[in-house]
Amino acid sequence: MISIRQRKGVKTTEVSEDYAAREANVKLENKLPSGCASRRLWKLLSFTVGGTVALCIGLLTSVYLATLHENDLWFSNIKEVEREISFRTECGLYYSYYKQMLQAPTLMQGFHGLIYDNKTESMRTINLLQRMNIYQEVFLSILYRVLPIQKYLEPVYFYIYTLFGLQAIYVTALYVTSWLLSGTWLSGLLAAFWYVTNRIDTTRVEFTIPLRENWALPFFAIQIAAITYFLRPNLQPLSERLTLLAIFISTFLFSLTWQFNQFMMLMQALVLFTLDSLDMLPAVKATWLYGIQMTGLLLVCILQFFNSMILGSLLISFNLSVLIARKLQKNLKTGSFLNRLGKLLLHLFAVLCLTLFLNSIIKKILNLKSDEHIFKFLKAKFGFGATRDFDANLYLCEEAFGLLPFNTFGRLSDTLLFYAYIFVLCITVIAALAVAFHNLSDSKSQQSTGQTGKCTIILKPETAYNLIHTILFGFLALSTMRMKYLWTSHMCVFASFGLCSPEIWELLLKSIHLYKPKRICIMRYSVPILILLYLCYKFWPGMMDELSELREFYDPDTVELMNWINSNTPRKAVFAGSMQLLAGVKLCTGRTLTNHPHYEDNSLRERTKAVYQIYAKRSPEDVHALLRSFGTDYVILEDSICYERRHQRGCRLRDLLDVANGHMMDGPGENDPDLKLAGHPRFCEEIKRNLPPYTAYFTRVFQNKTFHVYKLSRNKFPDCLHPSCELTNQAAPQCPLIPELPPVSSVLVPNCPVRVPLLIVRNQGTSY
């Protein structure tokens, strides 16, 4: 399909004020002249230098990634159709709506086309703003229309430069978070260097530009930075309000730009719940954050025309359950250690049961099934029984949804990131366990008598938040490789913070009886500087070589296919095929699709499984009936799927279809005993032999080394057949006026050696 070739020619309980004074003893500022003016001048100078470095490193990262994208594809020199093909799979689908908005005569017509779309799914009108997270494409298209830049910047460049600009914001937010945690901007610089040198594992923006996560993660990083600052003790009221506003805006934008927002924020809610339960976070601040999450998500729900998947999310149910359980369970944080531990377990059980109860009630009321494929996938992934469900197996067999490969840790270790991360993680986990044990052992009666000074370990709320955050997202990344980008970027922040943190070095030096304030100052600055020098020495030459390597986009077969479709098919023609390819068909040709890669809809998943029968062992009559039930005019078969070798046996698409249909899989190997031999050969293979049973229904109109396009005959078979495994006399959903179908008889159709069912249907005055 697509390839790259060388270019030719060219608290502890609630952190007390005493701790703040104690922290100041180990800061570098105290070593400066004692005058207040000198200290303010130093802070201003440090802030100016650190802020300038943050902006510069963010811009440089953005330029670096944009240059890699240009060098990989020679994007500035290839044709428009090649640029669009480079937006692979769902990326092309999302970009097509940006293109659609720009091509609309007016903005209102563009909005109308998105709200009443009948080209993304044939024979259906759907609201794209409700179904998909594409407000960013709408916003960019409006900006491009309004700003006077049309003469100087092509639409595609405005789009991709916006995404690369967001990467500058992303890196700057990571830098600021590390700076806030450690107290020195040197930590932020190290985090940014680690992000860039581990680019393979921290981002994939340069080759999946329109992907939703590339829009969302910069806002997620801003939110984490704002939460880190918000959790600091003794904030001024104005600073606290402004920080809450920043948290709300970033949470809202994150939720608006990614369909998986609810699952990421559920992880955040679990972090807040853990810290609140262990008295490591002020309860009032946790309540504020719960409220912001729900408010932001509900606002997105309104903008997405009351998307039921948002209303039925676990996040809404969990946050409501936490707030209700907290009101019902009073005196949760009093009593002895065992007493409090028992109350905590009871509280956890109550929240869990209430969450499941509320979620099931909401889903029943809304009749919500859009996210059930995710839970089927999770159930099968974690060993709660094997499944033959096609959708669940489709996810299980994709590498992106598998376990994190072990070689990831080798790459992270080459930059010393993994070693530093484990070092900091071990120290902070030990500190967190000690603080949690102390908090659970301290009842309010003990605190009132002044017996709370026994715990000498300090763990600030913002540090505790980022610790639990990195642990939970680490488990998520280990279980699902696609989510590693959420973990590895925060890994850079957490490791750099720890190496520059006075608290971390104090704990370590005290544990080995080498504690001195001067040694803390030396360690927190010398270790990061040495690592920065090592990274520059080892990776700078490789980065320069990477920037000088010139390649070119090369996919002549797909280009030929798109050009043929544009030149030889009607504008209203309906195409069927693989989800990934059809996204490109919509972007490059504007033709109507039967299915597409945005898989978060139950009816679309059923439709996709029906269309994919072109790669199963089905008769030509069955396949024709299924495709025509969706109004298909042309079907595209791909050799790369029909003869797939990328996956092992059992995970090839044809194997998943065979098992779902109850048929035995091809090739040597075991089959489940209840699977049977199929009664027909594989459709995608047999159709190429041009046998009469196939030519009666399908006519080949285009082929090259990769693709085969067949035109479907129209009147060989009635459109209003139910798209099931066998031909039946049931009415299809698109024929609601048929109360009852007559018995099916068969006749011999001329020029067709097989007997075809004959059906007389009166539907709105039409006879077949």
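Reading the rings and surfaces of a predicted model

The structure holds 33 aromatic pairs. This is a predicted model, in which local features need pLDDT of at least 70, side-chain atom pairs count only at pLDDT 80 or more, and totals for chains, interfaces and linings use all residues. Residues are numbered from 1 along each chain as its sequence is written, and side-chain values use heavy atoms, with hydrogens and water left out.

Me: What makes Tyr95 and Tyr98 an aromatic pair that is tilted?
Reply: Their rings are 5.4 Å centre to centre, with 50° between the planes. Rings of Phe, Tyr and Trp (its six-membered ring) pair if their centres lie within 6.5 Å; planes under 30 degrees apart count as stacked, over 60 as edge-to-face and the rest as tilted. So 5.4 Å makes a pair, and 50° makes that pair tilted.

Me: Why are Tyr95 and Tyr98 separated by about one helical turn?
Reply: Because they are three residues apart in helix 4 (residues 90–103). Helices here are DSSP runs (H or I, at least four residues), as are strands (E, at least two), and they are numbered from the N terminus.

Me: Why does Tyr95 count as buried?
Reply: Buried means under 20% relative accessible area, exposed over 50%, and partly exposed in between (1.4 Å probe, protein chains only). Tyr95 has 3% relative accessibility, so it counts as buried. Tyr98, at 0%, counts as buried too.

Me: Why is the pair of Tyr421 and Phe494 called edge-to-face?
Reply: The ring centres are 6.2 Å apart and the planes stand at 65°, so the pair is edge-to-face. This pair links distant parts of the chain, with Tyr421 in helix 21 and Phe494 in helix 24 (residues 484–500), 73 residues apart. Both Tyr421 and Phe494 are buried.

Me: How do you know that the charged end of Arg212 sits over the ring of Tyr94?
Reply: A charge sits over a ring if NZ of Lys or CZ of Arg is within 6 Å of the ring centre and within 35 degrees of the ring normal. For Arg212, the distance from the centre of the Tyr94 ring is 3.8 Å. Arg83 lies over the face of Phe75, at 5.4 Å from the ring centre.

Me: Why does Phe306 count as exposed?
Reply: Phe306 has 55% relative accessibility, so it counts as exposed. It lies in the loop between helix 14 (283–303) and helix 15 (308–311). Phi of Phe306 is near 55°, a positive value in a residue other than glycine.

Me: And why does Leu416 count as partly exposed?
Reply: Leu416 counts as partly exposed because its relative accessibility is 27%. Leu416 is in the loop between helix 20 (407–414) and helix 21 (417–441), and it has a positive phi of about 70° although it is not a glycine.

Me: What makes helix 30 mostly covered?
Reply: In helix 30 (residues 620–629), ten of its ten residues are buried, among them Glu621, Asp622 and Arg628. Helix 30 is followed by Gly631, whose phi is positive, near 75°.

Me: How many of the 768 residues in the chain are buried, as a percentage?
Reply: Buried residues make up 55% of the chain, whose secondary structure comes to 34 helices and eleven strands.
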